[in-house]
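Welcome! Have the sequence and the 3D view ready, and try each exercise before you read its solution.

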Amino acid sequence: MPGMHRNNGEGRLGLMEKKNNRLAKFKYWLPVFIMMLPGLLYLFINNYIPMGGLISAFKQVNFADGIYGSPWADPWYKNFIYLFTSKDALEITRNTILYNFAFILVNNSLGIAIAIFISDVQSKRAKKVYQSAILFPFLMSMVIVSYIVFALLSNENGMLNKSILPLFGMEPVSWYATPQAWPVILILVNFWKGVGYGCLIYIASIAGIDKAIYEAARIDGASRLQLIGHITLPSIVPSVITLVMLNVSKIFFSDFGLFYQVPQNSGAIYSTTNTIDTYVYRALLQQNNPSMSAAAGFYQSIVGFVLVLAVNALVRKFSKENALF
Amino acid sequence: MLKTRENRRYQILCNVVLALLTIFMVFPFALLFMSSITEENTLIMNGYSLFPRKLSLEAYKYIFQNGQKIFHAYGVTIFVTVAGTCINLWMSSMLAFGLSRKNLPFRRVITFYVFFTMLFNGGLVPTYMMYTGTFHIKNTIFAMIVPNLLMSAVNVLLVRTYFTNSIPEALYEAAEIDGAGQMRIYFQVALPLGKPILVTTGLFAALGYWNDWTNGLYYVNQEQFWGIQNLLNKMISDVQALTSGLMSKEMAGMIATMPSVSVRMAIAFVAMLPILAVYPFLQKYFAEGIAMGAVKG
């Protein structure tokens, strides 16, 4: 094996041997490095070059000259002045963070409850049916999701306006122009699509608990609620921490599809559906304002990165084994 | 399990709650499917419904008779999914193979190089400017394959961990003594032993491609390169523009000849059909992949 050479450290001979060894080592690993090259190169292009492109936030970006050819903004923080003096900055920050908090709360608390129920169901076949049903929406594209939501909410022939609201004697609502409805709609859609993901992890975590503990508690006369409160919940705390922290560290990012595609990019409801990601996209490709888009993107990348580091530092401090790195 | 009264009651509670939840999960798909087989006029008169008054297979007939555009988009999606997944697996397994070798020089540095892309990214503007300005991938098939989806650091690290844990160093040494080169070790030792993880990560890569519509949205405005998701996206945004009165008369006239309500739903159903078809067989892998993705790489 290379690297396991004996180095007797004796003058020229040792030096020669070292050189030969280095050559041997190089020859040995060269094919491996060549194999690794495509992947490393892809990450360099797809991930590292754009990191450098973040300086676009300090430029008067135009598409013709590219990021590096475009002139610097004057003063250098000009794009940020525009961004933060508009009402948009506050709105998109608020929406992004509040939606994320709601998603984390709803999907994790209900996800845990559902996971406990599914784990406790005795019929194996029923268990399988429930699990399949709950995971399936997770695999759908946001375009399909938006079609389904449209079938429910469309003004003219949506199921809600045509069949359900009349049952209660209510007037049709033009949902795609009613901003106050969207927090509820988006939280529901996100629950429907995403709850299976966390639920599955919690089910796996519950499956790892030693059954003997439950039996012993049973013999001691513990009730069902006590079993859940004293055995199940404490045992899955590490999974909960990991999952919640992972989500909290991404609190400055939003699912572009959920906020762009599902509300049909409808301008009347931007006040409750515009997030940093949709803002960046619209400024770049629909309003032709790449400088503003770059500033918002920079803001997201940097604050997002600081959040990842902060959350991880916090987890490290309190329970090291759950830290991401 | 104890057959107490409390337990029986609890079982009933669980099953009732979960049955309701299952209905909630499945009902939207049922609505999608039922709308696709609802007779067009019924749909316009009575709206989307789970129990339409009149059924019709006209929408599917229409797709099969005049659906060149749809079949083309479907073909693009299939091509992009297959090509993208293959390249993805090839690149990430080779990278992971190197990173899994304990004595690899600079192993820690390279691992960090991969891992760091999970923590920090440049965002849409620099990515968009680079791909369109430097690499000129706008309106090419590469736009549908290359950006963001071709390899993910998470998958690389998952495969690496799997290789490290399931292939003992002694196996490599034995192969080397037998005179195998690194290339051969990769093909004949690592790949066969890593099959389970490659199936799982490959599945998620394929799902990513099948469901992707953002690359088409950002980088492609010529229909010939659109996948099925982009076609669906275009159809529904046209409807939105039409109903919100943002569209000129002639544009509206063009749309009127486009597929109607039930046909749109039929296309959406056909787009999700492959996932529905493989789901029962591959559910295990989906579940495993999710459980693994949650633990740190």
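**Exercise 1. Find how far apart the C-alpha centres of the two domains of chain A lie.**

Solution. In this predicted model, the C-alpha centres of domain 1 and domain 2 of chain A are 55 Å apart. To locate the two parts, select residues 1-31 for domain 1 and 78-322 for domain 2.

**Exercise 2. Work out how chain B touches chain A, and which element of chain B gives the largest share.**

Solution. Begin with the count: 82 residues of chain B are in contact with 80 residues of chain A. Next, look at where the chain B side comes from: helix α1 (residues 5-36) of chain B supplies 15 residues, the largest share. Finally, sort that side of chain B by class, which gives 52 nonpolar, 27 polar and 3 charged residues.

**Exercise 3. Describe how helices α4 and α10 of chain A cross.**

Solution. Select residues 87-120 for α4(A) and residues 224-248 for α10(A). Their axes come within 11 Å and cross at roughly 145°, and the crossing is right-handed. Now pick out the residues that make the contact: α4(A) brings Ile104(A), Asn108(A) and Ile116(A), while among those from α10(A) are Ile228(A), Thr232(A), Val240(A) and Leu243(A). By class, the contact has 7 nonpolar residues, 3 polar ones and no charged ones.

**Exercise 4. Follow helix α8 of chain A and find where it bends.**

Solution. Helix α8 of chain A covers residues 182-207, 26 residues in total. From first to last C-alpha it reaches 37 Å, close to the expected 38 Å. Along the way, α8(A) bends by about 45° at Gly194(A).

Note on methods:
Residues are numbered from 1 along each chain as its sequence is written. Chains are lettered from A and ligands numbered from 1 in the order in which they are written. This is a predicted model: local features need pLDDT of at least 70, side-chain atom pairs count only at pLDDT 80 or more; totals for chains, interfaces and linings use all residues. Two residues are in contact if their C-beta atoms, placed from the backbone, lie within 7 Å. Helices (H or I, at least four residues) and strands (E, at least two) are DSSP runs, numbered from the N terminus. Ala, Val, Leu, Ile, Met, Phe, Trp, Tyr, Cys and Pro count as nonpolar, Asp, Glu, Lys and Arg as charged, and the others, Gly among them, as polar. The expected span of a helix is 1.5 Å times one less than its number of residues. The bend at a residue is the angle between axes fitted to the seven residues ending there and the seven starting there. Axes are lines fitted to C-alpha atoms, for helices over the stretch in contact, and angles run from 0 to 180 degrees between N-to-C directions. A crossing is left-handed if the near helix is turned anticlockwise from the far one by less than a right angle, and right-handed if clockwise. Domain bounds come from an automatic or database domain assignment.
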